[in-house]
Amino acid sequence: MNTLAHIYNRGRLALAAVGLAAGSLAADTQSAPDLAVPAHFKSAGLSTPDAVSPMPSGPAWWTIFADPVLNRLEEQAIASNQDLQEAVARVTEARAQAGAVASDLYPKVSAPLSASRQHTTNTGPVTTSRLIGNAFFLPATTTGPATFAGQALANTYDDYQVPLTVAYEVDVFGRVSHAYSQARANAEASLADRQGVKLSLAAQVASNYFALRGADSRLSVLERAVKLRAEAQQVQEHRVKGGTATDVDLLRSRVESENTQADLIDAQQERAELENALAVLCGQSASTFHVDSVPLEQLLPPAIPATIPAQLLTQRPDLVEAERRIAAASEGVKAARAQFYPAVTVQGGYGFESSEANQLLENQSHTWLIAGAINIPIFDGGRNSANLKSARSRNEEAIAAYHETALRAFREVEDALSNLRQRALQAESRKRAVDDARKVFEASKSSYLDGGLTYFEVVDSQRVLLMAELAQVQTLSIRYAATVDLIRASGGGFWDPQGDR
């Protein structure tokens, strides 16, 4: 051990004599993003008139909607979605890569056992024969020179080796530690990417689910309309037979009935496509996947409190990932700079070697080695410089990507907050429009039966009511979608730095 410490200290002195300083490795890197964060979201102060529900903590944010079917679909998606499974595999891969790099921080211990039989030549420029076994010299005498006793020189021999070797790179300038930090930051970025995929998946499931429920509501409205159109057509047929209506009124009622039936078929096809898309998100076959039809009730979607911009930086998985990419790129620059500095290695070995197998483990057969080396790079054809330039470019690229991701995150939250506010106001107008259209329809129908209006005016008022009801359903669907968008844009409670380790 004293010998190893001596070699290590001599190596450190030699490097210091070269005049290199390890502290300069981080001179041209940026590991923390410099970002101007607004104090608040400009749309956060616009409170909606129905803000009643707090945002639950934890990753299962969809439970705020209190819908058991949605809860079941979310669980299926997280368990079976193939995109999420790919993201999980990427996390495992990145962690394994970090572990492989971390192995360079420790000494490499091996036992290269070997047994060989070799024949050398005595006719080459250098005689490679060796003395085998316990041969020794007889001293010179007055009658002749010194001679060999025991075994003579031979050029065919056996060689048995049982060594234990240790090799270690002394990480003086941090090449290995920076490479490990880079790999670890990349693994953390992969974890954040997985969380981002999970958040996006859950948001897509919720959005498609509420779109499906909106389609159910449109089907319910259209089915009622088809029934009313059919009843109106029957009334016109009776009135034509009784002479109180014209064939034009009957034809008009048939046109409205057929058009409404065609609209119903479109709505049924839209629902089928939404259900099939939901099946793929849940990792299920569309041929066997089914969600029972339940109209979207005229209930207000839950209110989601807006976060503050500074919190957004640590809650959104894509921002966490982008920050970790910067950290990884910064460590990559430091590792690339460390390639310009000498590499210090220490080697040691202990074992046994013998030409006779039965003498291999004897005390006289043991061998050992202690060695130290300093490899100083002098000329590499510009490889290290090119690698450093490439690493710096990746660092700059990661910083730009972080800024772009942050700007997009702020915009998405602002859009969602504004959308929720405007759709809440729009819902009030839609409700009043439906109420007024229903009154107009009832009044026009009564007036028509009394002979005060034409059937054209009744049909027109009925069409206005149908359009108002469909518009009300659409606005409610958009409000649910905007609620999901705000949850996703705010991070959804998914990012847990202590989870998924």
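**Figure 1. Pairing of strands E1 and E7 in the predicted model.** In this predicted model, strand E1 (residues 108–110) and strand E7 (residues 156–170) run antiparallel and are joined by 3 bridges. Within this pairing, Lys108 has Ala167 of E7 as its bridge partner.

**Figure 2. Strand E2 beside strand E7.** Strand E2 (residues 114–119) also runs antiparallel to E7, and 6 bridges join the two strands. Two of the facing positions can be followed in this view: His119 has Thr156 of E7 as its bridge partner, while Ser116 stands opposite Asp159 in E7. Is E2 largely buried or in the open? Of its 6 residues, the number buried is 0, and E2 therefore lies largely in the open.

**Figure 3. Pairing of strands E7 and E8.** E7 pairs with strand E8 (residues 343–354) in the antiparallel sense, and 11 bridges connect them. One of the positions to look for is Val162, whose bridge partner in E8 is Phe352.

**Figure 4. The largest nonpolar core and the residues with the most contacts inside it.** This core holds 54 residues, of which Trp61, Phe65, Leu70, Leu73, Val205, Phe210 and Leu278 touch the most other members. The elements that give two or more residues to the core are helix H2 (68–80), helix H3 (82–102), helix H4 (175–242), helix H5 (247–281), helix H6 (309–315), helix H7 (317–338), helix H8 (383–449) and helix H9 (455–489). The largest share, 11 residues, is supplied by H4.

Figure 5. When residues up to four places away in sequence are not counted, Leu70 touches Trp62, Phe65, Val205, Ala206, Tyr209 and Phe210.

**Figure 6. Glu412, a buried acidic residue in helix H8.** Glu412 lies in helix H8, and its relative accessibility is 14%, which is why it counts as buried, the cut-off being under 20%. Leaving out residues up to four places away in sequence, the contacts of Glu412 are with Arg316, Arg488 and Ala489.

Figure 7. Ile374, Ile376, Ile378 and Phe379 together make a nonpolar surface patch of about 490 Å². Of these residues, Ile374 lies in strand E9 (residues 366–375). How does Ile374 count, buried, partly exposed or exposed? With a relative accessibility of 34%, Ile374 counts as partly exposed, because this value falls between the limits of 20% and 50%.

**Figure 8. The whole chain, as context for the close-up views.** The chain contains 9 helices and 9 strands, and 37% of its 501 residues count as buried. Among the contacts in the chain with a separation of 6 or more, 83% are accounted for by residues 24 or more positions apart.

Terms used. Residues numbered from 1 in each chain as written. Predicted model: local features only at pLDDT ≥ 70, side-chain atom pairs only at ≥ 80, totals over all residues. Heavy atoms only, no water. Core = buried A, V, L, I, M, F, W, Y, C linked by side-chain atoms within 4.5 Å. Buried < 20%, exposed > 50% of the residue type's maximum accessible area, 1.4 Å probe, protein only. Helix = DSSP H or I, 4+ residues; strand = E, 2+ residues; numbered from the N terminus. Contact = heavy atoms within 4.5 Å. Pairing = 2+ DSSP bridges. Patch = residues over 30% accessible without salt bridge, like charges linked within 9 Å, V, L, I, M, F, W, Y side chains within 5 Å. Areas by Shrake-Rupley, 256 points an atom, 1.4 Å probe, with all protein chains shown as cover. Salt bridge = Lys/Arg side-chain N within 4 Å of Asp/Glu carboxyl O.
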